[in-house]
Amino acid sequence: GTRSARARRRNERRFPACGRAAPPRAGRGGSSARTHPPAPQRWSARPGPSPPGPAWTLPLRAARGHVTPRGGGRAARAGTAMSLRERSPSGAVEAGEDAAAAALAEPDGPERCLSLLPWDRFSAWLHCVCVVGFDLELGQAVEVIYPPHSKLTDKEKTNICYLSFPDSNSGCLGDTQFCFRFRRSPGRKVSLCCFLDQLDRDLPVYLKKDTAYYYGYVYFRQVRDKSLKRGYFQKSLVLISKLPYVHLFRTMLKQIAPEYFEKSEAFLEAVCSDVDRWPPPTPGKILHLPIMGIIMKLRIPTYRDKPGTTPVVQNMHQADAQISMALPTVHEVDLFRCFCPVFFHIQMLWELVLLGEPLVVMAPSPSESSETVLALVSCISPLKYCSDFRPYFTIHDSEFKEYTTRTQAPPSVILGVTNPFFAKTLQHWPHIIRIGDIKLPGEVPKQVKVKKLKNLKTLDSKPGVYTSYKPYLNKDEEIVKQLQKGVQQKRPTEAQSVILRRYFLELTESFIIPLERYVASLMPLQKCISPWKSPPQLRQFSQDDFMKTLEKAGPQLTSGLKGDWIGLYRHFLKSPNFDGWFRSRQKEMTQKLEALHLEALCNENLVFWSQKHTEVETVDLVLKLKNKLLRADREHLPVKTDTLKKLETHINDIILALPDDLQDILLKTGTT
């Protein structure tokens, strides 16, 4: 009626007449050959007569006949021969990911040359392999980087050089393995990022890669060699990766490093070629990774796994002679061995890590420091430790001044150090763990009291925990007795580690379940979700409201430990670990609301709605629905495939009911 006529006249004034070419607008590269629609506006509520239109409908933003998809016009170039279903946005993305997945799965398939660049398989596991040697004039120097095209900034190379060698005081003769972690220079592009991001989404939160950091896995050899001026052969083989798979890469280095030191560069090239034929690091699948005649069989955990359970990877039958070893884990360290020097303080250390307190581990070698730091970080699993941690940290590290300054409070970080200089430099830190050589006890460890910080003057101080921290929870004597009994009975260290890991898991779950229960209550009811309104917002987190729930639904329901749980929660709510956990839960619930909103839209008769509204509103509805489909695919919203297909059908039916010229436009129109 009148309103429809006004809308048409308004559009005629705003856009060129139907069928004429719009004036050209320069694209991103300065070319004026393409036209682009203006940037989309935010959805806004628009009052309307009953039945109301979608709350997010907007005026038509492009005239008929001259709309080109944003981002290069791929849909337009593809022509109009494709059917509506072939042109659906989610179908296009799925096809691309399927091709990438197929290419990764089939080493020699035709998709490899179409979807993958050389070394993409290698890049899924490693960034590069470095060889660091000692030069009499330059000191530590990167001698080899493989593959040769791998890029490292000067700052990254410097960090790798210093972190790949033990401090001179460590006296590490023979072969030593350890790992380090360092900040990555920003601004890198990663090939196959979409596919690898999908794999990352299937991981438990504590195994997700942090794009801001690299891990370095080191095999260092120092042996006497009279033929060299220095009198010693000193060299490190280093694997640089974004993946925190400590046990996997440690095992890999054990197999290849000794042979590399004998055969040199040609052998290294062969190793990298083997890695470039590995399948993608897919969580939940049994993977077979060949490396120089040996095949490692392993399984990467998924977020669907029950916490605390590790599916056993069995060795193959003798008939399959290629299978050489089955890895029980890709990421876990020997927990009991690492905590032996501080046996009686494991519960206090759990609190310090949970609260994100600054911690220093002073050890005699990088091997001990890195394993202990990794054990500390893992003790709050399945929670993710959200602060920085450095398994091995040196005075040459680019963050040395930032982390050792006395002008501000120590940051929330766990450092592993070996240089005696740190005993003075970090003396102002509130919590210091001093460990000696890690050896499994042949007898029951003796009770060691917490020491005062003023007693820590040098790195030669006695092993122990130096802190003035008073734990919130009472000490659990049962776990200490259980582990002591295991020592007496000569229980294998693997079994001791399983007991300790289960203890930490139950403690962490008892602590986090009340928070999970309260945060779930912030979710709006499903009846509040309307297809004609924007998805409702989550309610705000209230510390006071949460504390009130602890009286009846607190950790006492699952844990027998007594103590100041309320105080522990108050401290935790101010920590980086809570901030990281809550952001993750917030994102999950927001995506769930978006998914429910999509389902509500699918259950409406959108074709009937479009018949009651103007072409302007109908076209805008189609564009918004396409954007929703694209977002669901891009962000991997928890939506059933049937729901997406149903929504695509709605879109197609609405388009087919429109005039022919509008159909052509909507076929060519992309989404943002």
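Two strands pair if DSSP finds at least two bridges between them, and helices (H or I, at least four residues) and strands (E, at least two) are DSSP runs, numbered from the N terminus. With that in hand, welcome to a predicted model, where local features need pLDDT of at least 70, side-chain atom pairs count only at pLDDT 80 or more, and totals for chains, interfaces and linings use all residues. Residues are numbered from 1 along each chain as its sequence is written, and side-chain values use heavy atoms, with hydrogens and water left out.

**The chain overall**

- The protein chain holds 23 helices and 13 strands.
- Of its 672 residues, 50% count as buried, where buried means under 20% relative accessible area, exposed over 50% and partly exposed in between, with a 1.4 Å probe and protein chains only.
- Contact means heavy atoms within 4.5 Å; among contacts in the protein chain between residues at least 6 apart in sequence, 73% join residues at least 24 apart.

**The antiparallel sheet**

- Strands of a sheet pair through backbone hydrogen bonds, either parallel or antiparallel.
- Strands β4 (residues 213-224) and β5 (residues 232-241) run antiparallel and are joined by ten bridges, with Q222 opposite Q234 in β5.

**Helices α8 and α9**

- Helix α8 (residues 246-263) packs against helix α9 (residues 265-275) at an angle of about 150°, with the axes 7 Å apart.
- The two helices are therefore roughly antiparallel to each other, on a scale where angles under 35 degrees count as roughly parallel, over 145 as roughly antiparallel, 65 to 115 as roughly perpendicular and the rest as oblique.
- From α8, the contact uses M252, I256, E259, Y260 and K263, and from α9 it uses E265, A266, F267, L268, V271 and V275.
- By class, this contact has eight nonpolar, no polar and three charged residues; Ala, Val, Leu, Ile, Met, Phe, Trp, Tyr, Cys and Pro count as nonpolar, Asp, Glu, Lys and Arg as charged, and the others, Gly among them, as polar.

- D274 is found in helix α9, and leaving aside its neighbours within four places in sequence, D274 is in contact with P290, I291 and M292.
- From C-alpha to C-alpha, D274 and P290 are 6.5 Å apart in space, and 16 residues apart in sequence.
- P290 sits on the uncovered face of strand β6 (residues 286-291) along with I286 and H288, while L287, L289 and I291 form the covered face.
- Strand β6 runs antiparallel to strand β7 (residues 294-299), joined by six bridges, and L289 has M296 as its bridge partner in β7.
- Two residues lie between the strands of this hairpin, and M292 takes a positive phi near 50°.

- Strands β9 (residues 359-362) and β12 (residues 431-434) pair in the parallel sense over three bridges, and R434 in β12 is the bridge partner of M362.

**Helices α16 and α17**

- Helix α16 (residues 493-520) and helix α17 (residues 543-553) pack at about 120°, with their axes 10 Å apart, which makes α16 oblique to α17.
- In this pair, P514, L515, R517 and Y518 of α16 meet D545, F546, T549, L550 and A553 of α17.
- The contact of α16 with α17 has six nonpolar, one polar and two charged residues by class.

Definitions and conventions
Axes fitted to C-alpha atoms, helices over the stretch in contact; angles between N-to-C directions.
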